[in-house]
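I wanted to go through the salt bridges here, pair by pair. These are my notes.

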Amino acid sequence: MKEPRSQVYEKHAEETADIACSPQELFEFLDDHRNLSLHMKSRNGSPMMGGGQMQLVLGEDAGKEVGAHVIMRGRAFGFDLYLDEVVTERVPAQTKIWQTVDVDLVVIGAYELGFRIHPRDSGSRLTVWIDYDMPDRRKWLGRLGGPAYAGWCVRQMMRSAVSHCGRPA
């Protein structure tokens, strides 16, 4: 399998929110890639996925170790999609980062995605972010839909965390 590459990406999107879970509980929830990819697996297909969806393939380590691979494949807007991500950093209760090592997407190209958790009196402060490049092919689709898709993806991951833990009182 390919190894992650050191890279500076063209674009960035992020979201930060206070979450009513301890850093440990929040990390445990977010460390499970099934919880992070719900927005791409809707039974009826998500509008942002053009009615399509992605299938998540996890290895024995379930994406919970540095070097673990997470594979997704599916369809969106009539295009076949594929990505292979590898976990590059994982510090329980604090941070997790993964990046693509092989990617065939439509509106974004290679990316690095992650989250950071900081303890707060009322729970945790969570930042979810993505740094990404435009796609290698169909760059016009990347300019048209890349920022909207990247922002949606980050918001959906944040929404999953808020749904699981709630907001502080």
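**Salt bridges**

I started with arginine 137, which forms a salt bridge with aspartate 104; their closest N and O atoms are 2.5 Å apart. I looked up where the two sit: arginine 137 is in the loop between strand 7 (123–132) and helix 3 (139–165), aspartate 104 in strand 5 (residues 95–104), and the pair links distant parts of the chain, 33 residues apart. My criterion for a salt bridge is a side-chain nitrogen of Lys or Arg within 4 Å of a carboxyl oxygen of Asp or Glu. Helices (H or I, at least four residues) and strands (E, at least two) are DSSP runs numbered from the N terminus.

I noted the ground rules. This is a predicted model, where local features need pLDDT of at least 70, side-chain atom pairs count only at pLDDT 80 or more, and totals for chains, interfaces and linings use all residues. Residues are numbered from 1 along each chain as its sequence is written, and side-chain values use heavy atoms, leaving out hydrogens and water.

I checked accessibility next (buried is under 20% relative accessible area, exposed over 50%, partly exposed in between; 1.4 Å probe, protein chains only). Arginine 137 is partly exposed at 44%. Aspartate 104 is partly exposed at 30%.

Then I took aspartate 18, which forms a salt bridge with arginine 120 at 3.8 Å between the closest N and O atoms. Aspartate 18 lies in strand 1 (residues 11–19) and arginine 120 in strand 6 (residues 111–120), 102 residues apart. Salt bridges link Asp18, Arg120 and Arg125 in a network.

Last, I found aspartate 32 and arginine 34 in a salt bridge, 2.7 Å from N to O. Aspartate 32 is buried at 11%, and arginine 34 is partly exposed at 46%. My count by this rule is seven salt bridges.
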